[in-house]
Amino acid sequence: MKLNLDYYNGKDLYSDGEVEDKLLHITKNHKSFHNVLKENSSWPILYHLSPIRSNLLEWYPFNEKASLLEIGAGCGAITGLLSEKVNKVTAIELSKKRAEILANRYEERENIEVIVGNFEDIPFDRKFDYITLIGVLEYSGKYGEGSSPYFDFLKKAKSMLSPNGTLIIAIENKYGLKYWAGAAEDHTGQWFDGIEHYVGNDEVRTFSKKEIEELLKKAGFFNNDFYYPMPDYKLPSQVFSDSYLPKPGDLKITPNFDRDRLLLFNEKITFDNIIQNEMFPFFSNSFLIFSKE
């Protein structure tokens, strides 16, 4: 494990607040988080430390000789899995404290380098076989510049990929059924915010399947394979694909761990009818996308 502070400007640009001090203490003093999770099931602890996070990509057949750039590594919820799957992981994180949490977790892994800084400011003299944006693209409006930050971010990511490289994106679907059924938008905490296309908010943005596919093609990614993590990409227990879609009875009401939600209708019964009408990809709660040129 190498912690690189060459591009750290002295200010953490993203933080979940005081809970990060607790996470830093936990990762300094525990190698296994099983007992920690038994004693503390709060959303931040679950989100950052749960092994369920790895379900998102545990199944994917990575090339074990490959290099991977993880943009927005956070506290390392996925980084450990990635380091087991490929030869070398370069992780970028905006926050020094979050990078230190990540470094504590995997201090014995020799194939991980964590760079603290903004992806936009870090020059690279090499390209990568995989680039991951796990819960990252949606914040491009906040940390990017210019009038088209989401497009610009994807274009820059594409420039860092090796020939035939793969961009991996995990992001919420703004038309996910949970939002219609009464879950608040994950990033803003406002009900129906994504469905109404974030009126008055330019800092965060999720997309429909059609919108993000068009954005990817505009950025030069013409081959896009969509998968559908459920209940969402953060704590997925199922990952469906266009060749293996859910059947009636496969899906349940989406749990909300971070805040209260409404139950405006029976999500399970509605999902069954959506599936029968072949509309599941439009209403899936989140997307996992593998994109190539």
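Glu113 and Lys2 form a salt bridge, with 3.9 Å between the closest N and O atoms. A salt bridge is defined here as a side-chain nitrogen of Lys or Arg within 4 Å of a carboxyl oxygen of Asp or Glu. This pair links distant parts of the chain. Glu113 is in strand 4 (residues 112-116), Lys2 is in strand 1 (residues 2-4), and 111 residues separate the two. Helices (H or I, at least four residues) and strands (E, at least two) are DSSP runs, numbered from the N terminus. Glu113 is buried, at 10% relative accessibility. Lys2 is partly exposed, at 47%. Buried denotes under 20% relative accessible area, exposed over 50%, and partly exposed the range in between (1.4 Å probe, protein chains only).

The model is predicted; local features need pLDDT of at least 70, side-chain atom pairs count only at pLDDT 80 or more, and totals for chains, interfaces and linings use all residues. Residues are numbered from 1 along each chain as its sequence is written, and side-chain values use heavy atoms, with hydrogens and water left out.

A search of the whole structure gave 24 salt bridges. Side chains of opposite charge can pair when their charged atoms come close. Two further pairs lie within helices. Lys96 and Glu100 meet at 4.0 Å, N to O. Both belong to helix 5 (residues 96-105). They are four residues apart, so about one helical turn separates them. Lys96 is partly exposed at 28% relative accessibility. Glu100 is also partly exposed, with a relative accessible area of 26%. In helix 9 (residues 209-218), Lys210 and Glu214 are likewise four residues apart, about one turn of the helix. Their closest N and O atoms are 2.8 Å apart, and the pair forms a salt bridge. Lys210 is exposed, at 56%. Glu214 is partly exposed, at 44%. Elsewhere, salt bridges link Glu172, Lys178, Asp186, Asp232 and Lys234 in a network.

Glu138 is a buried residue without a salt bridge. The nearest side chain of opposite charge is that of Lys234, 6.3 Å away. For this search, Lys and Arg count as positive and Asp and Glu as negative; His and the chain ends are not counted. Glu138 sits in the loop between strand 5 (128-134) and helix 6 (140-143). Leaving aside residues up to four places away in sequence, Glu138 touches Tyr150, Ala170, Ile171, Glu172, His187, Glu203, Val204, Arg205, Thr206 and Tyr233. Contact means heavy atoms within 4.5 Å.

Lys97 lies in helix 5. Its relative accessible area is 25%, and Lys97 is therefore partly exposed. With residues up to four places away in sequence not counted, Lys97 touches Asp12, Glu20, Asp21 and Leu24. Lys97 and Phe207 are 110 residues apart in sequence and 30 Å apart in space, C-alpha to C-alpha.

Helix 7 (residues 149-159) packs against helix 9 at an angle of about 50 degrees, with the axes 9 Å apart. The two helices are therefore oblique to each other. Axes are lines fitted to C-alpha atoms, for helices over the stretch in contact, and angles run from 0 to 180 degrees between N-to-C directions. Angles under 35 degrees count as roughly parallel, over 145 as roughly antiparallel, 65 to 115 as roughly perpendicular, and the rest as oblique. Tyr150, Phe151 and Leu154 of helix 7 meet Leu215, Leu216 and Lys218 of helix 9. The buried residues of helix 7 are Pro149, Tyr150, Phe151, Phe153, Leu154 and Ala157. Their cover includes strand 2 (67-71), strand 5, helix 6, strand 6 (161-172) and helix 9.

Most residues other than glycine have a negative phi, and most peptide bonds are trans. Met230 and Pro231 are joined by a cis peptide bond, with omega about 5 degrees. Pro231 is in the loop between strand 7 (223-230) and strand 8 (238-241). Asn164 has a positive phi, near 65 degrees. Asn164 lies in strand 6 and is exposed, with a relative accessible area of 64%. Glu278 also has a positive phi, about 60 degrees. Glu278 lies in the loop between helix 10 (267-276) and helix 11 (280-283). Glu278 is exposed, at 71% relative accessibility.
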